[in-house]
Amino acid sequence: MLTFINYRYVVKCKVSYSIETCNVTCFASLSLSSVSWLLFSGFRERNTYFHYWLLSSCKSISSIHHIMDLNQKRTRMVDRVDSVDPDLVSPESTPMCPFPDEVLEPVLSLINSHKDRSSVSLVCKDWYNAERWSRRHVFIGNCYSVSPEIVVGRFPKIRSVTLKGKPRFSDFNLVPEDWGADVYPWLSVLAKAYPFLEELRLKRMAVSDESLEFLAMNFPEFKALSLLSCDGFSTDGLKAIATHCRNLAELDIQENGIDDLGGDWLSCFPETLTTLQVLNFASLNSEVNFNDLEKLVTRCKSLRVLKVNRTINLDQLQKLLLRAPQLTELGTGTFTQDLVTRPVADLEATFGSCKNLLTISGLWDTNSLYLPVIYPACASLTFLNLSCAALRSFELAMLLIHCKSLRRLWVLDTVGDMGLEAVGSWCPLLEELRVFPADPFEQENVAGVTESGFVAVSRGCPKLHYVLYFCHQMTNAAVATVVQNCPGFTHFRLCIMNLGQPDYVTNEPMDEAFGAVVRTCPNLQRLAVSGLLTDLTFEYIGKYAKNLEILSVAFAGSSDLGLKYVLGGCPRLRKLEIRDCPFGNAALLSGLTKYESMRSLWMSACNLTMNGCRVLAKEMPRLNVEVMKDEDSEDSQAHKVYIYRTVAGPRRDAPPFVLTL
Amino acid sequence: MSVPLEHDYIGLSDASSLERSTESSNINVFTLKATELSLGLPGFGKNSEENAKFGPVVKNYMSGAKRGFSDVNFNGSGPSGKWALNGGSEADLCRGVNCVFEKNQTSSSDVKPVEEEKKGPVKAQVVGWPPIRSFRKNTMATNLPKSGDVAEANLGSGECLYVKVSMDGAPYLRKIDLKIYRNYAELSTALEKMFSCFTLGQCTSNGIKGRDGLTESKLKDLLHGSECVLTYEDKDGDWMLVGDVPWEMFIDSCKRLRITKGSEAIGLAPRSTAKCKNRN
């Protein structure tokens, strides 16, 4: 497991280390990203210089594989650190020596990335232990891959948990209700092990009101709750959180299947609560009591993120902004009004006084009269979310002239290709673009965006590395041009909404488009393909997409070969989701050895049979091979298959329609 | 067209309702099958010849479509409510249904159900495609510019403005969503469609039955002529003449609508005609 990679140089840094306070400060240059050595030197007294390389500063932490202990070479107590003679530090010679935990733990506590921590924990037993004691945040990408008991057994001092549940295609109604991912079993274990838990972030979990009440009552230090794409709860659960969490700093409710019974949950925040920093209720529909909201915003001086829902009108928004000029992220309510009680200039001035705004979202119903009031706040904006505002091209163009610092932009396709040309003209620093369809189910007489808008953006925004693009037509040539202009793509998600749509100019499949993407973009991590695609696309992907981690495929491919290519290539693949493709058992079984290195595989409406899945389950006991039975499909077909690695064994809470083979 | 298609949205004709109920299951079967064959997947039917060379691909789309269609949800009302087919044997029924679909594909103006104002065949949607989160679908549906498409507007939850419309002499009232119209002309057209059956035989205007029977000018005659006047009750409870104020102000203050006729209208009608002619 321990392998030695090339070393470049040793970072010399001056470190002051105080035994009493366990503070570690480092003055080293933190910009080196390819250092692969970690050098420790022994020490006991203060004022001894030691070679220290702060793990948190190194981006390629996973390349630290070998550690040298220079105990044998005590350094002198000087103001200057000697350079290390590379000949003396040979990789094979020095055995591992135990390091004092007081050194290791503070260093490791500075590492936040869970991937880095994973690598650190693999070094040796001492490091494994130091790491598990110093970890404060645990990220669980698939709630069924591990049991809560195992988690609390390994990590004794967690203060923050992130949990993800259902497969992503549940967002598009492909996963039946009551599938699982209930958070309650987790909460009951966490309450015993981590009574001082502060943060809980859930994505695609089933959350009930009881769970929220349990959370509110059993974690006295609870500070931050974030619910994204969860379902099963109502505003009553929010009432419990608001009422009982005395130290609440963050309440972030996004895009959930929530039963909105009314807005009185907001009035449940006690008068004594002043710690709120993040409040996002943009996706709730009911009206809240504005007086209570205004008082809440006034007394929470650290509030930096406020995203209100559509029921908040412009007058109310103005009042809120005057109370909270320190906001960095703002989500407005409805951004138009019929009866003008205050002149537009007033609103504009208010926006001008918000000097710290980095993000604006919401902007429902806005139009040419009211949108310009945000211009004074646009110069420093880095993220503009216009996906709820059906802007036309000229409205977008007029707005973007003021947004020269923009890095991320989300729009509806009502802006058209001309709007995207404006993006290319005015936003040279743009890194992320998402274009959503205003009318996704309209198939005739559609406007929207085309390939020319895409190319226009790529021309003007060379730093673009994340794109999500919904359109009705595309060409291979356009995509090739886009990736040539922007070879730095990390996330390329193209959705040609008409199923099986070829290149509309040449009538050929879109194979060459995605071939260009994977060939030209070496850093590609995430890819979603669409349009008419044959196995050639997958041959390209398997061959060239060396860094690909997430792949989404729908209505594509011609035969088993397609999936075989992908499973045979793509060494870094973690998540693969496939629907309605002609891939069968042979293809599934060709990836036998790969699935344990992946988080999950989803295949629905393909050509899998129960027998094929049984073979897989038999060969790979550490995978959960789950088939969701449909009433309509025949017994031998495996209509929906979800495969994932796990150390927790088969699910004990599976509903009757989920068969674990 | 061998089977005459009668479009009667006020009430389904008694004669055919019985047949429809017994044969509704057959209609469903034929509907789905016909949908599969003649509509295909969106964007697909056009290139069917070119796509023939991608044989297995084509097949798979079809088979994929088959699975998808088990979850198909048709826009607007269900199949059994859409086509009021007059009697006939089962064979006629098949032909009728096939004719319906052929017509749907080519020119759907004749078969247009009244609930949808725009043309278009029944849209068979594949579950979960395009991959948009339902949260976003609802947000965008309520945000669309007023296109007059009732089906889309109904997806959203917040932005409807339903007002009752009563017509003197009509047995029951109607309810319309004012937000889906952009101006008085669209409102007039919609009201005309709704109430045409009641006005026939009661007004001196033409008595042609059917959707396209009444043009806008005839409607104006109808509604603003000596016989009928369109009025609305505003926020203060007063009855006002429709057409005086800008459209935006109108939909803000309108609480209910009333089409008055006969003696009550006499005082207003001549002036209103003149006014409306000026305005329009």
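Start at A:Met398, which is partly exposed with a relative accessible area of 46% (buried is under 20%, exposed over 50%, partly exposed in between, with a 1.4 Å probe and protein chains only). This is a predicted model, in which local features need pLDDT of at least 70 and side-chain atom pairs pLDDT 80 or more, while totals for chains, interfaces and linings use all residues. Residues are numbered from 1 along each chain as written, chains are lettered from A and ligands numbered from 1 in written order, and side-chain values use heavy atoms, without hydrogens and water.

**Chain A: the patch**

A:Met398 sits in helix H11, residues 393–400 (helices are DSSP runs of H or I, at least four residues; strands are runs of E, at least two; both are numbered from the N terminus). With A:Met398 they make a nonpolar surface patch of about 410 Å².

**Chain A: cysteines**

Select A:Cys403. It is buried, at 0% relative accessible area. Now show A:Cys378, which holds the closest cysteine sulfur. Across all chains, the search finds zero disulfides. A:Cys613 is another buried cysteine, also at 0%.

**Chain A: loops**

Go to A:Asp365, in the loop between strand E15 (359–361) and strand E16 (383–385). A:Asp365 is partly exposed, at 24%. Its C-alpha lies 6.0 Å from that of A:Thr334, 31 residues away along the chain.

Next, two backbone angles. Most residues other than glycine have a negative phi. A:Asp178 has a positive phi of about 60°. Find A:Asp178 between strand E6 (160–164) and helix H5 (184–193); it is exposed, at 64%. A:Ala605 also has a positive phi, near 55°. A:Ala605 is in the loop between strand E24 (600–604) and helix H19 (610–619). Is A:Ala605 buried or exposed? Buried, at 8%.

Switch to chain B and show its open sheet of five strands, ordered E2-E1-E5-E3-E4 with mixed pairing (strands pair if DSSP finds at least two bridges between them). The edges are E2 (174–177) and E4 (239–241), each pairing on one side only. Select E1 (162–167) and E5 (256–261): they run parallel over four bridges. One bridge joins B:Lys164 to B:Arg256.

Finish at B:Pro130, in the loop between helix H5 (90–106) and helix H6 (134–143) of chain B. The peptide bond from B:Trp129 to B:Pro130 is cis, with omega near -5°. Most peptide bonds are trans.

Conventions. A disulfide is a pair of cysteine sulfur atoms within 2.5 Å. Patches are made of residues with over 30% relative accessible area and no salt bridge: like charges are joined within 9 Å, nonpolar side chains (Val, Leu, Ile, Met, Phe, Trp, Tyr) within 5 Å. Accessible areas come from the Shrake-Rupley method with a 1.4 Å probe; for residues, only the protein chains shown count as cover. A salt bridge is a side-chain nitrogen of Lys or Arg within 4 Å of a carboxyl oxygen of Asp or Glu.
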